[in-house]
Amino acid sequence: MSVSDSSPSLSLSKRDRWLMGITTIVLCQAFVGGMSVCYAAEAKNLQNASPTAEALYQEGLARRQNQDYKFAAEKFSEAIARGKKTADTYTYLGEMLIQLERHGEACATLSEAIRLEPENVRAYGFRAIALEQLGKREEAIQDYSAALVKAPNELTVSLLEARGNTYWAIDMLDKAAEDFEAIIVHDPKDPRGYLLRGKLLGAKGKFREAIDDLSSALERDATRKLPLFYRGYGYGCLKEYDKALRDYTALIQAAPDKAIVYVYRAWIHSRLENYRLA
C-alpha cells in the first residue's frame, strides 16, 4: 500500500491545522512573555548590582588617596548623581577638579559645598585656591579669611601661609608680614613662619634680618632646603661670599639635581674671582 497525501495517519484536516496554528500562537506568546520576564529580572539584577552612592563615594576616596584624580572626580560626580549630595562629596570633588586644573568648575562645586555646610573650612580653603588660579586674588583672600575664622587649630598655619602669600602676590607686603608673624606667634616651633618672614624681609632688601629669620628656620628643622637657598642669597647681597658659598654648597650636597642652585653658586664664585669654578 502506497503512502499518499490522503493517508489518514499523515494528512491534517482543516480543524487540525487550525488547532496547530492556535497552539503555535499561544506557544510564541508564552515564549515572548517568558523572555520579557527574563529580561525584566535581568534588568532588576543589573540594577541591584550597580554600585550604591556610598560605594562610589568610598571608591572616590580610595582613588584620591592613590592620586588618581581624574577617576576620583568621576566617582564623586557619580555619587552625587546617585543622591549623595553632601558637603563632603562636593568638597572632595572640588579638590579633584583643582588637581585637574578645572578651576571654574571647582569654584561652582565648592560653592555648593559651602551652601550645604557654611562652616566647611576645607571648602573655603579649596575655593580660595581655585579663585587664585582664576586671578581673583581679592576674593581668594576673603575665602581664606572666612576659613581662618572657623579653622581648627591644625589648619591655622596653612591658611595663614596661603593668605600671606596671596597678599604678597598683590603687593600688600605689610598684610603679608602680619600673617607670617602670626604664624610665629601661633606656633614658635614651626619653621614656616620664620622662613616666610625671612623671604619677605629679603624681598624688601632687609638682608640681615632675613638671615636671622632663615637661620631660625634652620634651627627648628635642619632638613629644610629653602632656608639655605634664601640665606645664601642674603649673604651674597651682603658680600659675605664665604658664607654664601657654604650655604649653596651644602644645598647642592643635599639636592644635587637642583640646577638653579649651581647658577647661584656660580654667581658667588664669580664674586670671589673663582672664574674657572664659576
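**Notebook: helices, rings, a pocket and cysteines**

I began with leucine 201, which counts as buried because its relative accessibility is 13%; buried means under 20% relative accessible area, exposed over 50%, and partly exposed in between, with a 1.4 Å probe and protein chains only. Leucine 201 belongs to helix H10, residues 191-203.

The model is predicted, so local features need pLDDT of at least 70 and side-chain atom pairs count only at pLDDT 80 or more, while totals for chains, interfaces and linings use all residues. Residues are numbered from 1 along each chain as its sequence is written, and side-chain values use heavy atoms, with hydrogens and water left out.

**Overall make-up**

I counted 14 helices and 0 strands in the chain. Helices (H or I, at least four residues) and strands (E, at least two) are DSSP runs, numbered from the N terminus. Of the 278 residues, 36% count as buried.

**Aromatic rings**

I searched the whole structure for aromatic pairs and found 12. The rings of phenylalanine 76 and tyrosine 92 are stacked, because their centres are 5.6 Å apart and their planes stand at 15 degrees. For reference, rings of Phe, Tyr and Trp (its six-membered ring) pair if their centres lie within 6.5 Å; planes under 30 degrees apart count as stacked, over 60 as edge-to-face and the rest as tilted. This pair links distant parts of the chain, 16 residues apart: phenylalanine 76 is in helix H3 (residues 69-81) and tyrosine 92 in helix H4 (residues 87-99). Phenylalanine 76 counts as buried at 0% relative accessibility, and tyrosine 92 counts as buried at 16%.

I then noted phenylalanine 229 and tyrosine 230, an edge-to-face pair with 5.3 Å between centres and 85 degrees between planes. Phenylalanine 229 is buried, with a relative accessible area of 14%, whereas tyrosine 230 is partly exposed at 27%. Both belong to one aromatic cluster, formed by Phe207, Phe229, Tyr230, Tyr233, Tyr248, Tyr264 and Trp267.

**Charges over rings**

I checked for charges over rings, which requires NZ of Lys or CZ of Arg within 6 Å of the ring centre and within 35 degrees of the ring normal. Arginine 63 has its charged end over the ring of phenylalanine 71, 4.1 Å from the ring centre. Lysine 84 lies over the face of tyrosine 57, 4.7 Å from the ring centre.

**Largest pocket**

I listed the residues lining the largest pocket: Val121, Arg122, Gly125, Phe126, Ile129, Tyr144, Leu155, Ser158, Leu159 and Ala162. A pocket, on a 1 Å grid over the protein atoms alone, is an open set of points where a 1.4 Å probe fits, with protein on both sides within 12 Å along at least five of seven lines; lining residues have an atom within 4 Å of a point. Helix H6 (121-133) and helix H8 (156-169) are the elements that give two or more residues to this lining. H6 gives the most, with 5 residues.

**Cysteines**

I searched the whole structure for disulfides and found 0; a disulfide is a pair of cysteine sulfur atoms within 2.5 Å. Cysteine 107 counts as buried at 11% relative accessibility, whereas cysteine 237 counts as partly exposed at 28%.
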